[in-house]
Amino acid sequence: MSNKGGLDLFIKYNKGKKSEIKTENKEINKQENLKKQDNKQKEAQNKKVSNKVKVNEEVKDVDQALLLSVDYDGKSKLAFCRLYDLKTQSIIFWFDNTGHKPYLLTDLSIEELDSKYQKIREHRGFLEYQPIKKYDLIIDKPKDMVKIVADDPLSVGGSRNSIRELIKDHHFESAILYHRSYLYDQHLIPGMLYYIKGGDLRPVKIEIPEDIKNELEDAFKNEKHEFRYELPKYLELFFSPIPSIKRIAFDIEVKSIINKIPDVTAAEDSVICISFVDSEGMKKIYLLEDHNLKDEEREGLKKIDAIIEFYKDEKELIEKAINLVNEYPIVITYNGDNFDIPYLMNRAKKLKIPDNKIPFVRHRDSYSLTKGIHLDLYKFFFNRAIQVSAFSNAYKTMSLESVSSALLKEGKIEIEEEIFDLSYDKLAEYCLQDSELTYRLTSFDNDLVMKLLIILMRITKLPIEDISRSGISNWIKNLFYYEHRYRNYLIPNPNYISQVKSQAATKAIIKGKKYMGAKVIDPVPGVHFNVVVLDFASLYPSVIKEWNLSYETVNCPHKECRTNLIPNTPHWACTKRVGISALLIGLLRDLRVKYFKNKAKDKSLSPELRNLFKIVQASMKVIINAAYGVFGSEIFPLYCLPMAESTSAIGRYAIEQTIKKVESMGLKVIYGDTDSVFIENPTKEQIKELIDWSNKVLGIELDVEKTFRFSAHSTRKKNYLGVYKDGNVDIKGLSGKKRNTPLFVQNAFKEMINVLSKVNRPEEFEQAKKEIKHIVKNVFKKLKNYEYTPEELAFRVAITKPIDKYTVLPQHIKAAKILKDKKGVEIGKGSIIYYLKTRDPAGVQPLELANVKDIDIDKYKETIESTFEQVLDALDIDFDEIKGKKTLDKWM
DNA sequence: GCGGACTGCTTACCT
DNA sequence: ACAGGTAAGCAGTCCGCG
């Protein structure tokens, strides 16, 4: 890469000194010298000096501190870091002492700027022009540019009077937040260890164990040098120690007399209880004193395993609480951005607690702390990439209850009363429990979540607050921006790529989608014995790497690459330069597949090391899994439709070729979806042949993913049942497993699966059929006799948007409206409504109001029928036969 | 003015 | 605010029909 116009252009930044731009252009140098007399710059330089003295003189030397975040301080006009000092277990601040300044880039020359854009020099924040060479990947050429340096970020962009507004269409990198830009330029990596000496911040050197280094170098020995070159840098990210961070979780309860979620802005009700749980084992409850406490409430309070402190007045309680919280480097909440912190803050203001004693800072949609870091776990677990890739969909809704019961295997204590009429001791207990669960969500499995956050920070270069609050596209954007700067590549303006490369060549199957996606093979209906499922190991990332796909390499500017066509499309891929996405995504994929994934399972390693590998591979998985998707998403600043389209087109090509190969070997493909093929009864040799073929011809790893004793397919795609050799069952897409299916149907379905899992040979299906018949008959009988509870009969459907945004009136929304009208209970976006199908005109009743006797038995029968049919179809059993109705052949 | 065919909306799932 | 593909149930509309 270095001799291809990449790294050689990189200008090394000297920490602790003012950065110098080297240029061969003597003319420009002269201009620079002239400029140095510019008063503004002198002023700026003076400021720098005074700032350095002011802010960093008192910074003591620190041996080891974990970089948590980088921010900008408007008062001192400096970027600063928050670090966690391992020795004192507290937050320390480090302010920039390198004289780094905000800037934007332009493709205009200084001459043009001075002749046509004089207003820039007159701008209040203007400091200087600096010529700079950047590398433009899209045209694959170096580019002479000018850096416009300003005194503060707002002068660069973000207001109507910013410099960038003066050079519309000619500004670059101007929308990057200053503290991010600073982080990129200084090569700071959040989540890594630093030390401070003589006021300067430097990375702690990481030693990678020799044997690991050798193993990895060996695993990568056949890769292109561009990939090998990156290896050491990435290894540091994964082998730098992950310290445990001192932290506290808290939760508040508010007094209210009605069953309503308290109004955060008004903050009218008193805060009566605040609980705390910290990483040192402390549990505390602050309670507002109530003189009417009953004896049993006093007794109840005594039983709680926590230090309880009573406060006479609410102001004191809140003051004490915010003081306590403010001592911690990390403060954890569950939905604290939307409730606990704003409520506490507004309440504190109402009680006339002076602003300088309130350590909360309000942002557009979050709250931070003046000193420490606020982590809102609700937002972290809400992140789809985390939910799906890291926790494999273990929790389906984002409530503290559902996340903790899935991850901690322990939900909340059941409370029978509504929160507003809980007794005092129960309220305290309930409050403490929330803090405890919140804390434990960060501590379970050896601090898994904290470690995950830290590794993700290292990979994405994002501060901890951003990792926990922003989505995957922001993560990948930041990773890519960092790597662009690192290599001195020009970061393309958002929309620029899509203006150049936006034409889709394929048509999506789904209306409204932009391009064609994956291929799904029509299943061969029936039961198939000894089915081997082969799948490509992370297909799309492999495709991106092997075919060198990237926003700049797909439809690159070189004539000679045009013949390197992407199958099923008119697009081509570059043959001259390794694409940045191919490099970064390929590297993460390779590290995961070739090393960390296997090592995470290697029993010969120590549990600690295995645990590290587990977390590293999970973090990589999160990034890799989303890497293809973001390039097909308009909101992603490096959005490139042809690249996304090429990726899925090659994916289709790979699976199509594989099917052809399988069939040419005389084998039968039963089913396949995107990256998998189900093969009926292949020999070991045949499997090996296929795997070798794929490696050699497609350049993509094909693995045996699973082997079924038998798999049962109807004609439906994404819908099958597979029984492993050991009797375990894989159920995919079947209604019986869907969350919204009533429990009584789910349970009957489970019984049927249980019967099927015991089938070993085709002959045994006759017996299974009889048992299934019995199950269904029994369900029908119980249904008719109203033997099921309303809970068992309820459909449970998520409300995915505000009630008034629905264009039609689906049943679950009808039920929600009835519940609101009749009971005043509001169920909004993000929650799940429970309802029964009834015979009244509305056709539905919310669970709370439903009577089992009113249910629409025919509707329920249909549900049972369709749920069972999906499996029975596969077994070639007619549902009517199961129901006991006489089938045609019995009449004859 | 009624019913079946059809389209579109919504949710939950698969990769 | 990562992508597209599939199934299922229901709401609403269109069209034909003396």
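1. R739 sits in the loop that runs between β24 (729-732) and α24 (743-757), where helices (H or I, at least four residues) and strands (E, at least two) are DSSP runs numbered from the N terminus. At 34% relative accessibility, R739 counts as partly exposed, given that buried means under 20% relative accessible area, exposed over 50%, and partly exposed in between (1.4 Å probe, protein chains only).

2. The model is a predicted one, in which local features need pLDDT of at least 70 and side-chain atom pairs count only at pLDDT 80 or more, while totals for chains, interfaces and linings use all residues. Residues are numbered from 1 along each chain as its sequence is written, chains are lettered from A and ligands numbered from 1 in the order in which they are written, and side-chain values use heavy atoms, with hydrogens and water left out.

3. Together with K396, K732 and K737, R739 forms a positive surface patch. Patches are made of residues with over 30% relative accessible area and no salt bridge, like charges being joined within 9 Å and nonpolar side chains (Val, Leu, Ile, Met, Phe, Trp, Tyr) within 5 Å; a salt bridge is a side-chain nitrogen of Lys or Arg within 4 Å of a carboxyl oxygen of Asp or Glu.

4. A patch of negative charge is also found on the surface, where E207, E210, D211 and E217 gather. Of these residues, D211 belongs to helix α7 (residues 210-219) and is partly exposed, its relative accessible area being 49%.

5. P329 lies in the loop between α10 (314-326) and β14 (330-333) and is buried, with a relative accessible area of 1%; its C-alpha atom is separated by 46 Å from that of L113, the two residues being 216 apart along the chain. S275, in strand β11 (residues 271-278), is buried at a relative accessible area of 0%, and 16 Å separates its C-alpha atom from that of G300, which is 25 residues away along the chain.

6. As for the chain overall, chain A holds 30 helices and 27 strands. Its radius of gyration, taken over C-alpha atoms, is 31 Å, close to the 29 Å that the globule rule gives for 892 residues, so chain A is as compact as a globular protein of that length; the rule is 2.2 Å times the number of residues to the power 0.38. Along the principal axes, the C-alpha atoms fill a box of roughly 105 × 85 × 55 Å, and buried residues make up 54% of the 892 residues in chain A.

Note on methods
Areas by Shrake-Rupley, 256 points an atom, 1.4 Å probe, with all protein chains shown as cover. Lys, Arg positive; Asp, Glu negative; His and termini not counted. Charge placed at Lys NZ, Arg CZ, Asp CG, Glu CD.
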